[in-house]
Amino acid sequence: MNTKSNNSEGQEQFLHELEFQLESNAEADSVALSGDTLRSKIIYLFSGTVILAAWWLVYENLLTFSRFLTYHILQLSEGTHFGATVEFFIFEVPKVLLLLTLIVFFVGIIRSYFTPERTRRILAGNRESVGHVLAGALGVVTPFCSCSAVPLFMGFLTAGVPLGVTFSFLVSAPMVNEVALVLLFGLFGWKVAGLYTATGLFIALVTGVIIGRLHMERYLEDWVLELTADKSRTGQISMEEDDLSWKERIQFGIDAVKDIVLKVWPYVTIGIAVGAGIHGFVPENFLAGIMGKEAWWAVPVAVLIGVPMYSNAAGVIPVVQALLSKGAAFGTVLAFMMAVIAISTPEAIILRKVLKPRLIAVFIGVVTIGIILVGYLFNMVL
Amino acid sequence: MKVEVLGVGCAKCHKLEELVKEIVQKNSIDAEVIKVEDIKVFGQYGVFMTPALVVDGQVKVAGKIPKEAEILKWLSA
């Protein structure tokens with residue numbers, strides 16, 4: 001913080017302190033606030049508050065709105081099956097999208113503090129045990145497609161991050177993220193969202209620890225080993241450190257919303273349409289026999305089908321909805337979802353350029369077993 | 001001038017490639033735009049965030065799609 005405003009009373013001071021804390025939490029250096037006048041700050045703060053209030057107002061009144069639209073404007077009669085389906089759809093789609101927008105915006109801002117450079121420094125500069133936990137947590141706030149996680153994984157290795165820790169990151173990055181969290185929360189409640197996140201992180205940690213213990217460094221491709229050994233490169237890699245002003249960080253959040261929400265909304269809409277539509281039109285327990293809790297083999301089969309498939313969290317949501325509403329067990333479906341997101345054939349192909357087959361096999365094996373166990377766990381507790 | 005776009009299959013990588021090609025064409029810049037998918041090359045450039053833009057062997061940006069004006073500046077330098 002390098003601006004000390006003349007006006008150092010109450011709220012303004014508090015804001016400065018708050019920002020200061022945020023900055024130092026992210027071990028930020030001084031942020032260029034010099035260009036931002038106090039006035040523009042107040043304008044931003046004011047419009048931010050207004051937007052938040054508007055968001056809240058819309059969110060709170062969605063149910064009323066969806067009922068009004070369904071039964072008064074569309075003139076569907078209350079109590080009919082079709083009416084209920086339409087009401088559900090009109091309520092759920094904006095609800096999930098609103099949640100998504102809000103969370104993605106804030107995660108975008110948080111993300112602006114974790115440049116790859118800083119992330120690598122955090123991971124390289126800690127003890128291995130701490131590293132696993134940090135890597136898993138950082139996986140949550142870093143990009144969610146496994147295709148961009150692999151180059152990053154390589155960057156971590158080059159920076160001297162232990163192999164196991166990088167694997168914790170590699171597992172957590174695509175699987176545990178804000179989009180999965182919001183979708184699960186919006187559609188199935190906080191319990192499912194929480195359980196998914198916690199077990200996802202757990203699998204990431206365990207995978208990392210196991211691979212670390214097995215000391216599999218020699219199963220990295222030779223050129224990667226050379227790159228890792230060549231310490232002279234480490235410094236050269238760094239792009240100029242991003243010292244963003246808070247305006248730029250807000251822009252970062254807005255960009256994240258544009259990027260992610262625009263990409264994800266069709267899946268969300270389809271997912272909810274499937275959930276709304278199928279609900280009563282397909283026999284409730286259509287899948288219960290083959291994917292219900294009684295079928296002990298359902299979890300491994302679902303996971304084995306899911307592993308080679310490639311999609312992000314949003315893409316599987318329609319499938320998850322469809323399976324669930326046809327009577328499949330929760331654990332089976334969530335394990336399927338995890339398997340689809342966590343590993344995929346394209347990812348394995350990219351990884352093959354960096355890892356030797358044996359290490360890939362261990363990686364996929366450990367993650368698969370982890371997900372299967374989580375599937376059984378979900379089936380037991382939900 | 002040799003312009004390389006580094007990226008493996010992510011949506012942003014395609015977008016950057018298209019953007020760069022468009023800029024090159026619109027301003028009739030004498031540049032060859034190549035999409036690099038070999039992750040080994042990423043390592044050589046020290047690029048670990050995709051997409052990345054490399055102009056004549058120099059990494060200009062990594063991990064995001066830069067603004068059109070920025071790209072133009074790098075390409076016309």
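I counted the secondary structure of chain B and found three helices and four strands. Helices here are DSSP runs of H or I with at least four residues, strands are runs of E with at least two, and both are numbered from the N terminus. Along the sequence I read chain B as β-α-β-α-β-β-α.

I noted that this is a predicted model, in which local features need pLDDT of at least 70 and side-chain atom pairs count only at pLDDT 80 or more, while totals for chains, interfaces and linings use all residues. Residues are numbered from 1 along each chain as its sequence is written, and chains are lettered from A and ligands numbered from 1 in the order in which they are written.

**Sheet of chain B.** I traced an open sheet of four strands in the order β2-β1-β3-β4, with mixed pairing. Two strands pair if DSSP finds at least two bridges between them. At the edges I found β2 (32-36) and β4 (58-62) of chain B, each pairing on one side only. From one strand to the next, the twist averages 20°. I then looked at β3 (residues 52-55) of chain B, which is antiparallel to β4(B) over four bridges. Leu53(B) has Val61(B) as its bridge partner in β4(B).

**Helix on the sheet.** I followed helix α1 (residues 11-26) of chain B across β1 (2-6), β2 and β3 of chain B; the helix runs at about 160° to β1(B). Axes are lines fitted to C-alpha atoms, for helices over the stretch in contact, and angles run from 0 to 180 degrees between N-to-C directions. Contact requires C-beta atoms, placed from the backbone, to lie within 7 Å.

**Burial and contacts in chain B.** I looked up burial and found that 36% of the 77 residues of chain B count as buried (20 or more other C-beta atoms within 10 Å of the residue's own, with C-beta atoms placed from the backbone). Of the contacts in chain B with a separation of 6 or more, 65% are between residues 24 or more positions apart.

**Where the chains touch.** I found 15 residues of chain B in contact with 20 residues of chain A. On this side of chain B, helix α2 (residues 39-45) gives the most, with four residues.

**Helix α2 of chain A.** I checked α2 (residues 38-60) of chain A: its 23 residues reach 33 Å from first C-alpha to last, close to the 33 Å expected at 1.5 Å a residue. The expected span is 1.5 Å times one less than the number of residues. The number of buried residues in α2(A) is zero, so this helix lies largely in the open.

Definitions and conventions: Contact = placed C-beta atoms within 7 Å. Buried ≥ 20, exposed ≤ 12 C-beta atoms within 10 Å, placed from the backbone.
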